[in-house]
Amino acid sequence: MLSETENQKNMLLSDAPRSFRSDRILQSFFTNEENVRLYYKSKSGFNESKCELEERFRKHFFQIRFITFLVNTIKYCTIDQLRNQQKRNTRFALIYDQPLSEEHETSTFGEMIGKHQDDFLENLITDPATFESSLQNESLAHAFSKLSEKQRLTITLRYALGYKDNEIARMLGVSAQAVGKTKNAALKKLKVLMMEGG
């Protein structure tokens with residue numbers, strides 16, 4: 001057996017015009033039994049019930065609008081975020097710490113660059129002949145070949161790779177002063193050898 005409020009709700013839905021039955025806001029408002037009671041009291045001429053019903057509907061309508069606003073904000077922010085992510089992935093396909101292949105785990109782009117850079121530097125450091133062969137001035141290349149191995153290595157590190165004296169000192173395990181002396185002696189010797197060769 002239905003309660004009085006449920007009977008009233010059924011009557012309200014059956015007597016209501018078609019526009020009311022298709023309005024989801026009104027339908028959700030009248031799912032609350034207290035709102036149904038207030039509606040019938042206000043129809044019977046109770047002004048207090050009418051005011052309370054209007055206030056409740058105002059709050060209900062605001063709540064629905066606010067929830068709709070939040071849902072739309074989240075939706076459009078998500079779409080924006082996805083578009084930005086897609087742009088970044090398209091523009092910056094190679095990220096330093098991103099794996100090179102998605103199918104199976106491989107080394108990252110940064111590791112690959114670091115490995116090649118280390119190999120490149122190692123070849124230059126251990127073989128000053130590579131630096132010598134890159135010199136286009138023949139007399140300079142000839143003079144460079146006449147330096148001691150230590151002097152050639154110091155000059156290669158300083159002028160081919162651009163290391164500072166204190167960095168070279170750390171690499172070779174000597175003092176910065178020793179590197180400075182070796183470098184200066186090598187430069188003087190180069191100058192003399194080039195003048196003699198010219």
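In this predicted model, helix H10 (residues 165-172) and helix H11 (residues 176-197) pack against each other at an angle of about 105°, and their axes lie 8 Å apart. That angle makes H10 roughly perpendicular to H11, because values from 65 to 115 degrees count as such. The structure also holds 5 salt bridges, and one of them joins Lys-183 to Asp-165.

**Packing of H10 and H11**

- On the H10 side, the contact with H11 is made by Asp-165, Asn-166, Ile-168 and Ala-169, while H11 contributes Ala-176, Val-179, Gly-180 and Lys-183.
- Sorted by class, this contact of H10 with H11 has 4 nonpolar, 2 polar and 2 charged residues.
- The side chains of Lys-183 and Asp-165 meet in a salt bridge, with a distance of 3.3 Å from N to O, and the pair links distant parts of the chain, since Lys-183 belongs to helix H11 and Asp-165 to helix H10, 18 residues apart.
- Lys-183 counts as buried because its relative accessibility is 13%, under the 20% cut-off, whereas Asp-165, at 22% relative accessibility, counts as partly exposed.
- Arg-158 is linked with Asp-165 and Lys-183 in a network of salt bridges.

- Helix H9 (residues 149-160) has 12 residues, which at 1.5 Å a residue should span 16 Å, and its end C-alpha atoms are 15 Å apart, so the two values agree.
- The buried residues of H9 are Gln-151, Arg-152, Thr-154, Ile-155, Thr-156 and Leu-157.
- Arg-152, which is one of these buried residues, forms a salt bridge with Glu-132 in which the closest N and O atoms are 3.1 Å apart.
- That pair links distant parts of the chain, with Glu-132 in helix H7 (residues 128-134) and Arg-152 in helix H9, 20 residues apart.
- Just after H9, Gly-162 takes a positive phi of about 75°.

**Helix H5**

- Glu-52 and Arg-56 form a salt bridge whose closest N and O atoms are 3.7 Å apart, and both residues lie in helix H5, 4 residues apart, which is about one turn of the helix.
- Both partners are partly exposed, Glu-52 with a relative accessible area of 37% and Arg-56 with a relative accessible area of 29%.
- His-60 also lies in helix H5 (residues 47-91), but His-60 counts as buried, at 16% relative accessibility.
- Leaving aside residues up to four places away in sequence, His-60 touches Ile-25, Ser-28 and Phe-29.

Definitions and conventions. Residues numbered from 1 in each chain as written. Predicted model: local features only at pLDDT ≥ 70, side-chain atom pairs only at ≥ 80, totals over all residues. Heavy atoms only, no water. Axes fitted to C-alpha atoms, helices over the stretch in contact; angles between N-to-C directions. Helix = DSSP H or I, 4+ residues; strand = E, 2+ residues; numbered from the N terminus. Parallel < 35°, antiparallel > 145°, perpendicular 65-115°, else oblique. Contact = heavy atoms within 4.5 Å. Nonpolar A, V, L, I, M, F, W, Y, C, P; charged D, E, K, R; others polar. Expected span 1.5 Å × (residues − 1). Buried < 20%, exposed > 50% of the residue type's maximum accessible area, 1.4 Å probe, protein only. Salt bridge = Lys/Arg side-chain N within 4 Å of Asp/Glu carboxyl O.
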